[in-house]
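Please brief me on this protein model.

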Amino acid sequence: MAKTPPKASAGRNGAPPINIGIGEKDRAAIAKGLSHLLADTYTLYLTTHNFHWNVTGPMFNTLHVMFMTQYTELWAAVDPIAERIRSLGHPAPGSYAQFSKLASVPDVPTTPPKALEMVRILVKGHEAVARTARELFPVADKADDQPTADLLTQRLTVHEQTAWMLRSLLEE
């Protein structure tokens with residue numbers, strides 16, 4: 001039996017209302033959660049790029065290349081997250097001020113840490129982003145929002161795997 005579609009929100013400037021099968025309240029809740037994910041992802045991107053620039057020591061080449069791979073992946077991730085927020089009818093945050101209020105990932109240290117401390121910080125950052133994605137998953141699932149659930153699954157896979165790989169560098 002077909003579900004009754006949720007009430008569509010009114011359009012602006014003559015645009016038709018959004019009627020994608022997800023109600024306005026659910027779209028707002030999902031967009032809010034995705035905004036936190038976007039802020040976490042962007043903050044982790046900045047931290048990783050900073051560490052790429054500032055890593056030193058015997059592991060320089062290995063970490064420099066690894067961090068470049070990681071920040072490139074994070075950079076590629078921010079656009080789909082922001083565009084999903086827009087698809088749900090909400091503005092995507094995009095300022096440092098907004099990100100600092102939304103992010104659970106701490107800002108990069110002002111003084112570059114030693115190489116292995118960089119790795120520890122990035123492990124914690126990837127785990128924090130994974131937690132942010134995982135917290136949103138039930139909201140997207142309950143709203144039957146498969147595109148957001150798919151995006152979250154992809155992000156969880158990347159962040160959990162990256163945390164594992166970084167953590168492996170810390171083992172003796």
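Phe67 touches Thr48, Phe51, His52, Val55, Met118, Val119, Leu122 and Leu166, not counting residues up to four places away in sequence. Contact here means heavy atoms within 4.5 Å. This is a predicted model: local features need pLDDT of at least 70, side-chain atom pairs count only at pLDDT 80 or more, and totals for chains, interfaces and linings use all residues. Residues are numbered from 1 along each chain as its sequence is written, and side-chain values use heavy atoms, with hydrogens and water left out.

**The nonpolar core**

- Phe67 is also among the residues with the most contacts inside the largest nonpolar core, together with Leu34, Leu37, Leu38, Ile81 and Leu152.
- That core has 41 residues.
- A nonpolar core is a set of buried Ala, Val, Leu, Ile, Met, Phe, Trp, Tyr and Cys residues joined through side-chain atoms within 4.5 Å.
- Buried means under 20% relative accessible area, exposed means over 50%, and partly exposed is in between (1.4 Å probe, protein chains only).
- Helices α1, α2, α4 and α5 each supply at least two residues of this core.
- The most comes from α4, with eleven residues.
- Helices (H or I, at least four residues) and strands (E, at least two) are DSSP runs, numbered from the N terminus.

- Thr47 sits in helix α1, which covers residues 24-54.
- Thr47 counts as buried because its relative accessible area is 3%.
- Leaving aside neighbours within four places in sequence, Thr47 is in contact with Pro106, Asp107, Val108, Ile121 and Leu122.
- Ser35 is in helix α1 too.
- With a relative accessible area of 10%, Ser35 is buried.
- Not counting residues up to four places away in sequence, Ser35 touches Ile85, Pro93 and Leu102.

**Salt bridges**

- A salt bridge is a side-chain nitrogen of Lys or Arg within 4 Å of a carboxyl oxygen of Asp or Glu.
- By this rule there are five salt bridges.
- One of them joins the side chains of Glu73 and Arg155 (2.6 Å, N to O).
- Glu73 lies in helix α2 and Arg155 in helix α5, so this pair ties together parts that are 82 residues apart in sequence.
- Glu73 is partly exposed, at 27% relative accessibility, while Arg155 is buried, at 6%.
- Another joins the side chains of Arg84 and Asp145 (2.7 Å, N to O).
- Arg84 is in helix α2 and Asp145 in the loop between α4 and α5, so this pair links parts 61 residues apart in sequence.
- Arg84 is buried at 13% relative accessibility, and Asp145 is buried at 1%.
- The side chains of Glu117 and Arg120 also meet in a salt bridge (3.5 Å, N to O).
- Both Glu117 and Arg120 lie in helix α4, three residues apart, about one turn of the helix.
- Glu117 is partly exposed at 32% relative accessibility, and Arg120 is partly exposed at 38%.

**The second largest pocket**

- The second largest pocket holds about 180 Å³ of space.
- On a 1 Å grid over the protein atoms alone, a pocket is an open set of points where a 1.4 Å probe fits, with protein on both sides within 12 Å along at least five of seven lines; lining residues have an atom within 4 Å of a point.
- Its lining is Met66, Thr69, Gln70, Glu73, Leu74, His126, Val158, Gln161, Thr162 and Met165.
- The elements giving two or more residues to this lining are α2 (60-87) and α5 (146-169).
- The most comes from α2, with five residues.

**Two loop residues**

- Thr111 lies in the loop between α3 (96-102) and α4 (115-142).
- At 59% relative accessibility, Thr111 is exposed.
- Thr111 and Asn54 are 57 residues apart in sequence, and 9.5 Å apart in space, C-alpha to C-alpha.
- Asp144 is found in the loop between α4 and α5.
- Asp144 is partly exposed, at 41% relative accessibility.
- Asp144 has a positive phi of about 60°, although it is not a glycine.
- Most residues other than glycine have a negative phi.

Terms used
Points joined across faces, edges and corners; volume = space filled by probe spheres on them.
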